[in-house]
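Let's walk through this one together, from the whole chain down to a few side chains. Keep the viewer open as you read.

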Amino acid sequence: GEISEQDFAGFLDTVVTPLFPDGLTVIDGNGQFRASANSAVEKEKAKVLILLYRFDKNASDKIEEIRGRYKSRFNQQSVLRVDEPVCASF
């Protein structure tokens, strides 16, 4: 089912922010995927979480913890992860 804004905000506050306290960005989106059971295209609201961090094993483990806890808490089959090197400045 759809995850409420309140539930997602609570997840950010209790899971993501303690692991990455320096900041993050969340973008609202619309996603779709092919359901494996009946091959129908399922559409749902989506959240894109952007984390800028120095890549190392510790950071990677934290992201995997976030993904695992999200899947467990919200009964999700998968949570996409994309890593890409960037040059950023603030």
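Of the 90 residues in the chain, 20% count as buried, where buried means under 20% relative accessible area, exposed means over 50%, and partly exposed is in between (1.4 Å probe, protein chains only). Bear in mind that this is a predicted model: local features need pLDDT of at least 70, side-chain atom pairs count only at pLDDT 80 or more, and totals for chains, interfaces and linings use all residues. Residues are numbered from 1 along each chain as its sequence is written, and side-chain values use heavy atoms, with hydrogens and water left out.

The chain has two helices and two strands, running α-β-β-α from the N terminus on. Here helices (H or I, at least four residues) and strands (E, at least two) are DSSP runs, numbered from the N terminus. The C-alpha atoms fill a box of roughly 45 × 25 × 25 Å along the principal axes. Of the contacts (heavy atoms within 4.5 Å) with a separation of 6 or more, 47% are between residues 24 or more positions apart.

Ala59 has 7% relative accessibility, so it counts as buried. Leaving out residues up to four places away in sequence, Ala59 touches Phe20, Tyr53 and Arg54. The C-alpha atoms of Ala59 and Leu19 are 8.7 Å apart, although 40 residues separate the two along the chain.

Now for the charged side chains. The structure holds eight salt bridges, each a side-chain nitrogen of Lys or Arg within 4 Å of a carboxyl oxygen of Asp or Glu. One of them joins Glu64 and Arg81 (2.7 Å, N to O). Glu64 lies in helix α2 and Arg81 in the segment after α2, so this pair ties together parts that are 17 residues apart in sequence. Glu64 itself is partly exposed, at 36% relative accessible area.

Arg81 also forms a salt bridge with Asp83, with the closest N and O atoms 2.8 Å apart. Through shared partners, salt bridges join Glu64, Arg67, Arg81 and Asp83 into one network.

Arg69 pairs with Glu65, the closest N and O atoms being 3.1 Å apart. Both lie in α2, four residues apart, or about one turn of the helix. Arg69 is partly exposed at 37% relative accessible area, and Glu65 is partly exposed at 34%.
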